[in-house]
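Subject: Handover of a structure, with notes on its salt bridges

Dear colleague,

Please find the structure below, as a starting point for your own work. My notes follow it.

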Amino acid sequence: MDYEKYLELNKDEMIFALRDVVRINSEEGEKIMGRNGEVYPFGSGVQEAFEKVLALGKSMGFRVKNVDNYGGHIDFPGRTDRIMGIIGHLDVVPAGSGWDFEPYGGELADGKIYGRGTTDDKGPVISCLYAMKALKDAGYQPECTIRLIIGLDEETEWKGINYYFDHEPKPDFGFTPDADFPVINGEKGMLIFDFAKKFGSAQAQSQAQAKGLKLRSIKGGTAPNSVADSCRAVLRSDEEKAYDRIKEMAAAYREETGYKLNVKGVGKSLEITTTGIAAHGAKPEKGLNAISIMMDFLGRLNFVTEDHNEFIEFYNKYIGFCLDGSKIGVDCSDEPSGDLVFNVGMIDVDSEAGKLTINIRYPVTADGEEILSRLAAVLDRYDMGLIRGSHKEPIYLDMDNPMVKLLLEIYRKHTGDTQSQPQVIGGGTYARSAKNVIAYGALFPGDPDLMHQKNECITVERLVQMTKIYAEAIYKLASGEYNN
């Protein structure tokens, strides 16, 4: 079937559609009431992107369904009642700072489309939709219904996809275009939780009234699953020359470490800012955590409130710049998936309490509950609490699984890459939301991983190539060549 001809005919339209949807800031927002009194669970930007993609699918002649604005799908009906699912999402992580292009500009420059979501996950969603369109234009009639399922809060709590699957059947099998090629046959377990400590003791209140250096606040990071690229602390002192000493220490620290740390007076306070390098929380080694830089520097100071000193001491002793959890005693590893990954996504400290938001990705053979128990034992020494957030169990398919083998074969046919192998990743994708679903693309081996980073972009060449891969994968899966 000559569907590649239609991929070429639709190429310019696909580029336009992606740029159009990237221009929508679909960072998750607060629940609001819509124009006609309906609820937008994830804010106006996510809703706008959702409606635009549904309308695009409808204009192509597909059936579309909106499930109470929590998610929806675009259907290419088949001859049977089996469903081959493609599960993607339209929400994005916060843009962050330091971009060379507008993060929501959808700019096309030097053969690349720039903007938040171009690779994670608007680009792959649009690619799969146009793969479906090319098959339809070529006269293809699938055996299974091809269902492009659209999630709206994948980057946070998955309330949308859970609600959607409470109201709609799960696919019988399929893929999510939200990770790496050649194919992902496993995903590490994922834990998100807070370390929290109150600073409310009578001793602390007394210390806060004493003269000396006081810590007013620390804030940094934007999401649990991102490496913080900025952090800000506000200090206050009534001692003469205190700020001058700190500025001298900051200069020496910059010289010693090479880290970006700035100090300036703001009214009667002193503001310290640190700058790191943003990265996906599954791959923190690709970034540099601004929170860790801040805590390392603050550990060289002495605050009048001992609670603050202890909180900073805890961070530097048990976390610091360590990315495998070994300092806090939760490191572990296995052959399929490698080491545990430990990322501090956010910090929020004031005069009353301190909180760290942690994201752990643990090996497929490890036990998430055991990891939490080991953490609790350390926290007890500092009278610190662990507040549970989300826990996603690991998933793993054997290398000989028929769908793994089929998708790998298609990738190799279109790229000529016979060296790259199926892999287990630390990222958490919608593959966890249904059985017999695995992640497939869209990052190609050797390409820079710009997901969750500044200057996120996708080349037009890669967009076209992945669409060819997805078209053949959809064709073969929905034709019954895979039978789970």
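Predicted model: local features only at pLDDT ≥ 70, side-chain atom pairs only at ≥ 80, totals over all residues.

Residues are numbered from 1 along each chain as its sequence is written, and side-chain values use heavy atoms, with hydrogens and water left out.

The structure holds 22 salt bridges, where a salt bridge is a side-chain nitrogen of Lys or Arg within 4 Å of a carboxyl oxygen of Asp or Glu. One of them joins the side chains of R432 and E187, at 3.1 Å from N to O. This pair links distant parts of the chain, 245 residues apart, with R432 in the loop between β23 (423–425) and β24 (437–439) and E187 in strand β11 (residues 184–187); helices (H or I, at least four residues) and strands (E, at least two) are DSSP runs, numbered from the N terminus. Both R432 and E187 are buried, with buried meaning under 20% relative accessible area, exposed over 50%, and partly exposed in between (1.4 Å probe, protein chains only).

A salt bridge also forms between the side chains of R232 and E271, at 2.5 Å from N to O. R232 lies in strand β14 (residues 230–237) and E271 in strand β16 (residues 269–275), so the pair ties together parts that are 39 residues apart in sequence. R232 counts as partly exposed because its relative accessibility is 38%, whereas E271, at 13%, counts as buried.

Leaving aside neighbours within four places in sequence, S217 is in contact with R232, A233, V234, V349 and D350, contact meaning heavy atoms within 4.5 Å. The relative accessibility of S217 is 17%, and S217 therefore counts as buried.

In the salt bridge between D447 and R462, the closest N and O atoms are 2.7 Å apart. The two residues are 15 residues apart, D447 being in the loop between β25 (442–443) and β26 (457–459) and R462 in helix α12 (residues 460–478). D447 is partly exposed, with a relative accessible area of 26%, and R462 is likewise partly exposed, with 23%.

Finally, D20, R23 and K52 are linked in a network of salt bridges.

With kind regards
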